[in-house]
Amino acid sequence: MVEDNYKIVRLIHKGLADYRFQLKYLFIMARLSKNGLISGGISNLVFVNQGDRNVVRSKPDQVRQSANTKKAAGIFGYISKRDAQYRRKLMQLCKLVTDDRYAYRHRSQFYKMATSHRHTLEGDVSIVEGNPKLMEGFGFNRHLEWQNTCRFFPEIQLDTEMRSMTITIPKLMWNRELKAPPKTHTAKLRIICIAALPDLENYQNIELLKEVTLEVYPGKQIEETRFTLTELPEGQLLFVIGEIRFQQSRVQQNGELLTTANSYLWGGRIEKTTTL
């Protein structure tokens with residue numbers, strides 16, 4: 001049976017339409033995309049698209065789930081849904097450049113952040129009670145990593161009592177603190193500060209607290225820049241995201257992916273104060 005399925009799949013990719021009538025007995029939830037890749041299931045085969053590649057897997061035998069596996073699946077489903085909403089709002093606010101595997105990678109890291117403090121599957125899940133430090137260093141674009149192009153790191157100081165945060169960007173000079181990709185002439189640095197409540201099931205789960213933009217180009221030194229955020233919200237995840245976009249002399253294919261680096265630089269939280 002599996003051998004027959006593979007034969008049919010090969011015929012589809014070769015464009016032999018005469019054999020497509022056989023698929024009406026095998027297609028359950030599958031479709032053929034414009035670029036000739038299959039997505040979905042055919043009989044006991046599952047097709048997954050990874051960029052321009054078609055990956056074929058066999059469906060696993062049915063496994064009886066225990067109470068713990070059901071709970072774990074429920075937790076993962078909860079976090080996956082909230083992560084998708086969070087990412088959608090984040091992209092609307094910040095317009096970050098991301099690679100084609102960003103969503104999968106972010107969901108996995110978000111899950112680690114949200115569950116690292118849990119020692120049991122019992123009880124409700126709260127993402128905001130997770131460890132935001134685990135998001136530090138996560139890059140949105142794997143084609144150009146932040147640490148490979150930025151030879152500096154902002155100094156970030158959080159004052160939980162005053163509910164304030166001070167961010168200091170050191171002096172910047174082209175080809176000293178910034179390692180520019182070939183054929184680029186200027187760079188735009190953004191420091192983005194956000195507060196997030198990912199557990200909220202709506203699109204108001206992220207607040208843009210502040211965004212600072214600096215432009216760097218050859219022959220100009222940017223002096224040290226310091227700014228302070230006050231009245232930070234309590235009981236929310238706080239993130240500082242950095243992005244550097246280099247401008248090319250001539251636009252090339254996949255230019256943004258090859259000339260933009262962005263990453264979570266810092267994560268923290270101010271615990272909610274309780275009054276007796």
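Reply: Buried here means under 20% relative accessible area, exposed means over 50%, and partly exposed is in between, using a 1.4 Å probe and protein chains only. This is a predicted model, so local features need pLDDT of at least 70 and side-chain atom pairs count only at pLDDT 80 or more, while totals for chains, interfaces and linings use all residues. Residues are numbered from 1 along each chain as its sequence is written, and side-chain values use heavy atoms, with hydrogens and water left out.

Now the parts list. The protein has 5 helices and 13 strands. Both are DSSP runs numbered from the N terminus: helices are H or I with at least four residues, and strands are E with at least two.

On to the core. A nonpolar core is a set of buried Ala, Val, Leu, Ile, Met, Phe, Trp, Tyr and Cys residues joined through side-chain atoms within 4.5 Å. The largest one here has 31 residues, and L189 and I244 have the most contacts inside it. Six strands each supply at least two of its residues: β6, β8 (184–196), β9 (206–216), β11, β12 (237–248) and β13 (260–269). The top giver is β8, with 5 residues. As background, nonpolar side chains in soluble globular proteins tend to be buried together.

Zoom in on L189. Contact means heavy atoms within 4.5 Å. Skipping its neighbours within four places in sequence, L189 is in contact with W146, F152, I169, L172, V212, T213, L214, E243 and I244. Apart from this core lies another, of 24 residues, among them M113, M135, I194 and I206. Across the protein, residues 24 or more positions apart account for 67% of the contacts with a separation of 6 or more.

Next, see how some of those strands line up. Two strands pair if DSSP finds at least two bridges between them. Four strands form an open sheet with antiparallel pairing, in the order β9-β8-β12-β13. Its edge strands are β9 and β13, each pairing on one side only. The twist averages 15° from one strand to the next; for such angles, axes are lines fitted to C-alpha atoms (for helices, over the stretch in contact), and values run from 0 to 180 degrees between N-to-C directions. If you follow β12 and β13, you'll find 9 bridges in the antiparallel sense. In that pair, V240 stands opposite W266 in β13.

Along the way, Q157 stands opposite T166 in β6.

What about the cysteines? A disulfide is a pair of cysteine sulfur atoms within 2.5 Å, and by this rule the count comes to 0. C193 is in no disulfide, and its nearest cysteine sulfur, that of C94, is 10.0 Å away. C193 is buried, with a relative accessible area of 1%, and C150 is buried too, at 5%.

For contrast, come out to some loops. G137 is in the loop between α3 (102–115) and α4 (146–149), and it counts as exposed at 52% relative accessibility. Not counting residues up to four places away in sequence, G137 touches S263 and Y264. G137 and L265 are 128 residues apart in sequence, yet 6.0 Å apart in space, C-alpha to C-alpha. Another loop residue, K95, lies between α2 (67–94) and α3 and counts as exposed at 53% relative accessibility. The phi of K95 is near 50°, a positive value in a residue other than glycine. N175, in the loop between β7 (172–173) and β8, has a positive phi as well, near 65°.
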